[in-house]
Amino acid sequence: MERDPRFDVALRLEVEDLYARYIACLDQRRYDEWPDFFTEECVYKLQPRENFERGLPLCTLWFESRGMLKDRVYGVTQTLFHQPYYQRHLLSGLTIAAIEDGSIRTEANYLVVRTKKNEPSEVFNCGRYLDRLARVDGRLLFREKVAVFDSELIPNSIIYPI
Amino acid sequence: MERDPRFDVALRLEVEDLYARYIACLDQRRYDEWPDFFTEECVYKLQPRENFERGLPLCTLWFESRGMLKDRVYGVTQTLFHQPYYQRHLLSGLTIAAIEDGSIRTEANYLVVRTKKNEPSEVFNCGRYLDRLARVDGRLLFREKVAVFDSELIPNSIIYPI
Amino acid sequence: MERDPRFDVALRLEVEDLYARYIACLDQRRYDEWPDFFTEECVYKLQPRENFERGLPLCTLWFESRGMLKDRVYGVTQTLFHQPYYQRHLLSGLTIAAIEDGSIRTEANYLVVRTKKNEPSEVFNCGRYLDRLARVDGRLLFREKVAVFDSELIPNSIIYPI
């Protein structure tokens with residue numbers, strides 16, 4: 001019988017480490033490294049909770065390969081006109097929900113606090129990650145990351161990855 | 001000699017899983033399942049920090065059985081007139097403080113971010129859980145959950161469980 | 001070969017316990033106990049992210065011994081004129097980055113929510129701890145704690161330790 005993945009210590013430390021490195025990468029604005037957290041074929045979605053719960057497909061962002069993520073990074077760092085801001089991620093309630101078809105389903109609540117130049121820090125976006133991890137050459141990567149966000153009214157647009 | 005419960009890995013994973021399921025239940029608005037996290041006889045209190053620290057008994061909410069929790073759920077979902085909002089819980093600093101009289105004393109900081117329709121997400125309530133867990137038929141349940149909250153001025157009233 | 005400290009369960013539980021006790025101490029305003037989390041010779045810095053990233057030395061607070069921390073506590077509790085407020089810390093992404101020269105390098109994102117009397121709770125300060133731990137008489141202490149904060153515009157001044 002397979003072990004309940006929620007109580008597999010070694011796996012949990014590895015998954016926690018993946019998320020810790022993921023949020024450190026984003027919060028330190030090392031955007032060039034962001035696509036490397038994903039498998040070559042992958043799904044990255046940022047979707048409003050209302051659409052998700054109603055089964056509506058509309059997403060704020062929807063990418064389907066590491067190449068598309070690299071395009072996004074190019075846009076964010078080179079072409080998209082925007083006022084830069086800092087992000088700070090906090091995660092909670094990380095769960096290793098199941099191991100299915102060779103991928104690991106994980107979930108976690110997230111909060112992103114945003115700080116714009118000369119403004120106080122503020123709650124920017126919060127929601128839940130619904131992810132699938134795959135092991136490639138021994139390392140855990142995101143095969144799928146769906147960030148379902150509560151925040152219907154976004155203060156300006158979301159530029160950087162969540 | 002009994003092992004220091006703070007460093008018992010198996011217990012910690014189990015307690016973290018309990019809290020992860022608890023906040024997922026609330027944040028996904030599965031309120032009908034909320035009473036099932038508690039023992040039949042139980043205590044649920046939501047108390048302002050000022051009262052708690054002065055030893056004053058007044059609480060914002062105070063329930064003493066799973067039946068009272070079910071009544072509350074009925075109120076929240078059927079009769080209480082309110083503008084719905086999303087909650088998003090983040091926990092931190094989870095501590096297994098002691099094992100006493102067959103129950104496990106745990107503590108954790110919590111933050112609840114609230115999102116109302118067409119409004120930005122905002123800090124809603126934060127404080128500390130002071131809980132007691134009991135094992136019933138092999139599963140951990142809350143025998144006592146006291147949420148002592150810092151926030152003296154609540155933006156409107158607290159409708160949903162914390 | 002030394003074990004990867006990120007995956008050493010016993011060490012991780014110990015480090016998590018240190019941080020849990022640290023934030024509980026601050027959030028419960030047991031400031032007299034705050035210096036006891038540090039080694040006799042130590043570094044405590046609170047530094048704006050902009051200065052940190054540009055390699056500029058200017059810090060909001062900079063202490064270099066437990067004695068200086070005690071002086072700060074005396075100031076905070078006895079002489080500094082200020083309107084009291086509650087702090088609530090949330091940490092995320094704790095990483096045991098390396099073991100170097102007998103000290104343990106750790107990092108974590110932090111968020112501090114502030115509550116002033118009769119005001120709603122608000123995001124106060126967020127950033128990243130860049131710490132070094134040392135084991136003294138069997139207990140882990142902070143040899144160095146550098147809180148690099150995103151928030152350039154602080155609502156009033158920072159009185160209490162972060």
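Which strands of chain B are included in what covers the buried residues of H3(B)? The cover includes strand E1 (38-48), strand E2 (61-65) and strand E6 (139-149) of chain B, where contact means heavy atoms within 4.5 Å and buried means under 20% relative accessible area, with exposed over 50% and partly exposed in between (1.4 Å probe, protein chains only). This is a predicted model, in which local features need pLDDT of at least 70 and side-chain atom pairs count only at pLDDT 80 or more, while totals for chains, interfaces and linings use all residues. Residues are numbered from 1 along each chain as its sequence is written, chains are lettered from A and ligands numbered from 1 in the order in which they are written, and side-chain values use heavy atoms, with hydrogens and water left out.

**Chain A as a whole**

- Chain A has three helices and six strands, and from the N terminus on these elements run α-β-α-β-α-β-β-β-β; helices (H or I, at least four residues) and strands (E, at least two) are DSSP runs, numbered from the N terminus.
- The radius of gyration of chain A is 16 Å, close to the 15 Å that the globule rule gives for 162 residues, so the chain is as compact as a globular protein of that length; the radius is taken over C-alpha atoms, and the rule is 2.2 Å times the number of residues to the power 0.38.
- Taken along the principal axes, the C-alpha atoms of chain A fill a box of roughly 55 × 30 × 30 Å.
- Of the 162 residues of chain A, 57% count as buried.
- Among the contacts in chain A with a separation of 6 or more, 57% are accounted for by residues 24 or more positions apart.
- Chain A exposes about 7100 Å², of which carbon and sulfur atoms supply 51%; accessible areas come from the Shrake-Rupley method with a 1.4 Å probe, and for residues only the protein chains shown count as cover.
- Chain A carries 23 positive and 26 negative side chains, and the centres of the two sets lie 3 Å apart; Lys and Arg count as positive and Asp and Glu as negative, with His and the chain ends not counted, and a charge is placed at NZ of Lys, CZ of Arg, CG of Asp or CD of Glu.

**Helix H3 in chains A and B**

- Helix H3 (residues 66-79) of chain B has 14 residues and reaches 19 Å from its first C-alpha to its last, close to the 20 Å expected at 1.5 Å a residue, the expected span being 1.5 Å times one less than the number of residues.
- The buried residues of H3(B) include B:Arg66, B:Leu69 and B:Arg72.
- In chain A, the end C-alpha atoms of helix H3 (residues 66-79) are 19 Å apart, which agrees with the 20 Å that its 14 residues should span at 1.5 Å a residue.
- In H3(A), A:Arg66, A:Leu69, A:Arg72, A:Val73, A:Gly75 and A:Val76 are buried, and their cover includes strand E1 (38-48), strand E2 (61-65) and strand E6 (139-149) of chain A.

**Buried residues and their contacts**

- A:Arg49 is found in helix H2 (residues 49-54) of chain A and is buried, with a relative accessible area of 3%.
- Leaving aside neighbours within four places in sequence, A:Arg49 is in contact with residues of chain A, including A:Val148 and A:Asp150, and with residues of chain B, including B:Asp27, B:Tyr86 and B:Arg88.
- A:Arg49 and A:Phe149 are 100 residues apart in sequence but 5.3 Å apart in space, C-alpha to C-alpha.
- C:Trp34, in the loop between helix H1 (9-27) and E1 of chain C, is buried, with a relative accessible area of 1%.
- Not counting residues up to four places away in sequence, C:Trp34 touches several residues, among them C:Tyr22, C:Leu69, C:Val73 and C:Pro161.

**Loop residues with positive phi**

- Most residues other than glycine have a negative phi.
- B:Asn118, in the loop between strand E4 (103-116) and strand E5 (122-136) of chain B, has a positive phi near 60 degrees and is exposed, with a relative accessible area of 53%.
- C:Asp137, in the loop between strand E5 (122-136) and E6 of chain C, has a positive phi near 50 degrees and is exposed, with a relative accessible area of 78%.
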